[in-house]
Amino acid sequence: MKAKPFVKWVGGKTQLIDQLEAKLPADFDQWENVTYIEPFVGGGAMLFYMLQTHSNIKSAIINDINNDLTTCYKVVKESPQVLVDSLRKIQQEYYSLHSEDSKKEFFLLMRAEFNTKALDPIRNTTLFFFLNRTCFNGLYRVNKSGLFNVPFGRYETPTICDANTIFADSELLQKVEILTGDYTQTLNHARGNSFFYFDPPYRPLNATSSFNDYTKEAFNDLAQKRLKDFCDDIQAAGHHFMLSNSDCQDGFFDDLYIQYQIERVWASRNINANPNKRGKLTELLIRNYI
């Protein structure tokens, strides 16, 4: 069983993996004892791919500001069997409800419990998985108070417990250190041949679109500029980085990262309230190497 993301995540990179792989440093597989670093890990599609594809990665550092998400990674890593048992129980409870109204009522009860923010790691992760599988479109979104507010998704029998994926992910995560907080702390963990992959909250394509609602902290243009300054720090330290972001086509990123390599790749955007705005769009790949 191959390891893969254990949660759905807006902006997940599964569909872009081949294009990202093609843009790694040409001699990447010749590097020795690589430390792979993701300061915004999200769903981890690139992480799981890299760890399974490049055997010269001896350790990895992942980080996210979302404490619920990083708690998930820690529980999957450290307590996979306990998590699987807990997920099987809540899945059975959900499946035993035979009307949409009863399923919705159960969903709202679980959402309210999750939002108490007073749960042990196993229960918190169990509800995180449950809500991710049963909420509308698999979104993770919070309000300004940091409370999960995605509505019920009306799924009859979603797979809440995917035991094979959890055990495969747990095995792979044994070589991964999991951090929670500001992304800049990851530079303290870079050593030797370190490679950073950034998948930050994307800059909105326009005033009405936003793909960075998974945290109550805003990631505005000032935050994008701060991230660029951090990329300069990585460059100064002699490490390699690759960064993904939206192609806003207003010159913002072209000007901001003018000293780096900027390319456009095609990606699918499926999460949009307007069906006419879904489909193929270009995204940016920014690198500090040729």
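Predicted model: local features only at pLDDT ≥ 70, side-chain atom pairs only at ≥ 80, totals over all residues.
1. Aromatic pairs in general. A search over the whole structure returns 30 aromatic pairs. One of them joins Tyr 94 and Phe 130, whose ring centres are 5.5 Å apart and whose planes meet at 75°, so this pair is edge-to-face. Since Tyr 94 belongs to helix 4 (residues 80-95) and Phe 130 to helix 6 (residues 121-134), the pair ties together parts that are 36 residues apart in sequence.

2. The setting of that pair. Tyr 94 is buried, with a relative accessible area of 0%, and Phe 130 is likewise buried, with a relative accessible area of 0%. The face of Tyr 94 also has a charged neighbour, for Lys 103 lies over it at 5.1 Å from the ring centre.

3. A stacked pair. The rings of Phe 196 and Phe 198 have centres 6.0 Å apart and planes at 10°, so they count as stacked, the cut-off for that class being under 30 degrees. Both of these residues, Phe 196 and Phe 198, are buried.

4. Ile 160. Which part of the chain holds Ile 160? Ile 160 is placed in the loop between helix 6 and helix 7 (163-172), and with a relative accessibility of 0% Ile 160 counts as buried, because the limit for that class is under 20%.

5. Gln 92. Gln 92 is in helix 4, the helix that also holds Tyr 94, yet Gln 92 is exposed, with a relative accessible area of 57%, whereas Tyr 94 is buried. Gln 92 and Thr 157 are 65 residues apart along the chain, and their C-alpha atoms are separated by 9.9 Å.

6. The largest cavity. How many cavities of 30 Å³ or more does the count give? The count comes to two, and the largest holds about 90 Å³ of space. Of the 15 residues in its lining, Val 41, Gly 43, Gly 44, Ala 45 and Asp 199 are the closest to the centre of the cavity. By class, the lining of the largest cavity divides into seven nonpolar, five polar and three charged residues.

7. The second largest cavity. This cavity has a volume of about 40 Å³, and its lining is made up of Phe 114, Phe 128, Leu 131, Asn 132, Leu 139, Tyr 140 and Phe 148. Helix 6 contributes the most to this lining, with three residues. Six residues of the lining are nonpolar, one is polar and none is charged.

8. Positive phi values outside glycine. Asn 33 has a phi near 50°, a positive value in a residue other than glycine, and is placed in the loop between helix 1 (17-22) and strand 1 (34-38). With a relative accessibility of 54%, Asn 33 counts as exposed. Lys 117, too, is a residue other than glycine with a positive phi, near 55°, and is found in the loop between helix 5 (100-114) and helix 6. The relative accessible area of Lys 117 is 40%, so this residue is classed as partly exposed.

9. His 189. Is His 189, at 17% relative accessibility, buried or exposed? His 189 counts as buried, because 17% falls under the 20% limit. His 189 is placed in the loop between strand 3 (176-180) and strand 4 (194-198). With neighbours within four places in sequence left aside, His 189 is in contact with Thr 35, Ile 37, Ile 61, Glu 177 and Leu 179.

Notes:
Residues numbered from 1 in each chain as written. Heavy atoms only, no water. Phe/Tyr/Trp six-rings, centres within 6.5 Å; stacked < 30°, edge-to-face > 60°. Helix = DSSP H or I, 4+ residues; strand = E, 2+ residues; numbered from the N terminus. Buried < 20%, exposed > 50% of the residue type's maximum accessible area, 1.4 Å probe, protein only. Lys NZ or Arg CZ within 6 Å of the ring centre and 35° of its normal. 1 Å grid on protein atoms, 1.4 Å probe; cavity = no way out; pocket = protein on both sides within 12 Å on 5 of 7 lines; lining within 4 Å. Points joined across faces, edges and corners; volume = space filled by probe spheres on them. Nonpolar A, V, L, I, M, F, W, Y, C, P; charged D, E, K, R; others polar. Contact = heavy atoms within 4.5 Å.
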